[in-house]
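Hi,

Here's the structure I said I'd pass on. Have a look at it first, then read my notes below.

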Amino acid sequence: MRPIKSSIPWRPRLLVWYRRHARRLPWRTHVNPYRTWISEIMLQQTQVATVEGYFHAFVRKFPTLEVLAGAKEEDVLSIWAGLGYYSRARNLLKAARQLVREGRQIPSEMPELMGMPGVGRYTAAAIASIAYHKPFAVLDGNVARVLSRLFAMTGDMKSAIVQKRLWAAAESCLDHRNPGDWNQAMMELGALVCLPPPELPRCMDCPVRRYCIAWRRGLTRSLPRAVVRRALKKVSIEVVFVEKDRKVLLSRRSSDERLLPGHWALPESRSVTGVRIGKVLRVVRHSITHHDIRLVVREGTARDTRGRLGQGCFWIAEDRLSDLLVSSLWRKAVGLSSGHGRGSV
Ligand code: SF4
C-alpha cells in the first residue's frame with residue numbers, strides 16, 4: 001500500500017479512517033479485475049449486504065472470465081435469481097464471450113471498459129481505479145451525497161449542471177497515488193457515516209467533519225436536496241398456471257417485451273389457446289424498475305401435454321422450474337421460494 005500524502009487537507013484523514021474501518025467484503029479481500037467487474041455490476045442498484053452472498057455463489061460457479069464465457073445463459077440467470085435487473089447478468093455473459101472470443105482480458109482503460117455491455121462511466125472508473133490503480137474518480141449515490149455536503153452544493157442532484165459539478169469535485173479530490181482506496185473510502189464514508197435520509201449523518205464520527213461546509217453551516221439535514229421520485233407505473237397482468245403430468249406450461253417472453261424480456265414465465269391468459277381458464281389461484285404484487293405489477297394467476301386446464309397451446313409456450317418438467325424461473329415475480333407466481341436458494345415446487 002502506498003504512503004498517504006496529500007495537498008487536500010482532509011485526504012489523509014479519510015484514507016486513514018478507511019483503512020481502519022473498511023468492511024471486509026469478499027471483493028476487497030482478494031482483488032483482481034474479474035472479481036472487481038463482477039462485484040461492481042452486482043452493486044449497481046443492489047445493496048452490499050444482498051450482493052455478498054450472490055458474489056460468493058457467482059465466483060464459485062464462474063471463477064474466471066473464461067469459465068463465465070463458456071457458461072449457458074440459463075445457468076448464469078439461475079445464479080442471479082432473486083437479484084433482479086437481469087439485463088446485468090446477460091451483459092456480463094455477453095461481455096465475457098466477446099472478450100474471450102477476441103483473446104482479451106478485462107480492459108484497464110476507460111474507453112475499452114466503457115465499450116463493454118452494461119459498463120458506464122461509474123463502473124469503468126471503479127474497475128480502472130480499484131483493479132488497475134488508474135487515477136479515475138467515481139461518482140455514485142454515496143459519493144454524491146458526501147460531496148454535496150462537504151461542499152454544501154444546493155440544487156437538484158439529478159440535474160445536468162449539479163452532476164457536472166459533482167464529477168468535477170470528485171475528480172479534483174481524487175488521490176492519484178491511491179485512487180482505488182480513495183474511491184472506496186468516499187463510498188464507504190457515504191455508506192457508514194454520511195448516511196442518506198431518513199437517517200441522519202453521523203457527523204460526530206466523521207473523520208472529515210472539520211472540513212465539511214454543511215456541518216459548519218448547520219445544513220447536514222437539508223443536503224443533498226430531496227429529489228422528487230417518479231411514481232411507479234401500475235401494470236396488471238393475468239397469467240395462467242396449467243399443470244399436467246408433472247409438467248407446467250411456460251412461455252418464453254420475447255426480447256422486446258417491456259417487462260422481463262427473454263424470461264421464462266407463466267403464459268398470459270390472452271396468448272394461450274386450447275386451455276380452459278378457471279378460478280384465481282393467487283394475486284402477486286411485485287415492484288420492478290419503474291413498475292408496480294399486479295399479477296393475477298388463474299388456474300388453467302389442458303387435456304394433455306402434447307400441444308404447445310400458444311405461441312412461445314412449452315411444457316416444462318416441474319423439477320426444471322426452479323432453474324428456469326429466475327425472477328422472484330415468476331417464482332412467487334408458481335409458489336417457489338424467491339431469493340438465492342433453490343425452492344421446491
Ligand atoms: S460532517 Fe457530517 S455531513 Fe459532513 S461529510 Fe461528515 S458525516 Fe457527512
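How many residues of domain 1 are in contact with residues of domain 2? Seven residues of domain 1 touch six of domain 2, where contact means that the C-beta atoms, placed from the backbone, lie within 7 Å.

Before the rest, two notes on the model. It is predicted, so local features need pLDDT of at least 70 and side-chain atom pairs count only at pLDDT 80 or more, while totals for chains, interfaces and linings use all residues. Residues are numbered from 1 along each chain as its sequence is written.

Domain 1 covers 11-217 and domain 2 covers 233-334, with bounds from an automatic or database domain assignment. Their C-alpha centres are 35 Å apart.

Now the ligand. It is surrounded by 14 residues, and the closest are Cys194, Pro201, Cys203, Cys206 and Cys212; a residue counts as near if its C-beta atom, placed from the backbone, lies within 6 Å. Helix α10 (141-150) and helix α13 (213-217) each supply at least two residues of this shell, and α10 gives the most, with three. Helices here are DSSP runs (H or I, at least four residues), numbered from the N terminus.

Last, helix α1 (residues 11-21). Its buried residues are Arg11, Leu14, Leu15, Trp17 and Tyr18; buried means that 20 or more other C-beta atoms, placed from the backbone, lie within 10 Å of the residue's own. Seen down the helix axis, these residues of α1 fall within an arc of 160°, so they line one face; the arc is that of the directions from the axis to the C-beta atoms. Helix α12 (179-192) is part of what covers them.

Cheers

Terms used
Two residues are in contact if their C-beta atoms, placed from the backbone, lie within 7 Å. A residue is buried if 20 or more other C-beta atoms lie within 10 Å of its own, exposed if 12 or fewer, and partly exposed in between; C-beta atoms are placed from the backbone.
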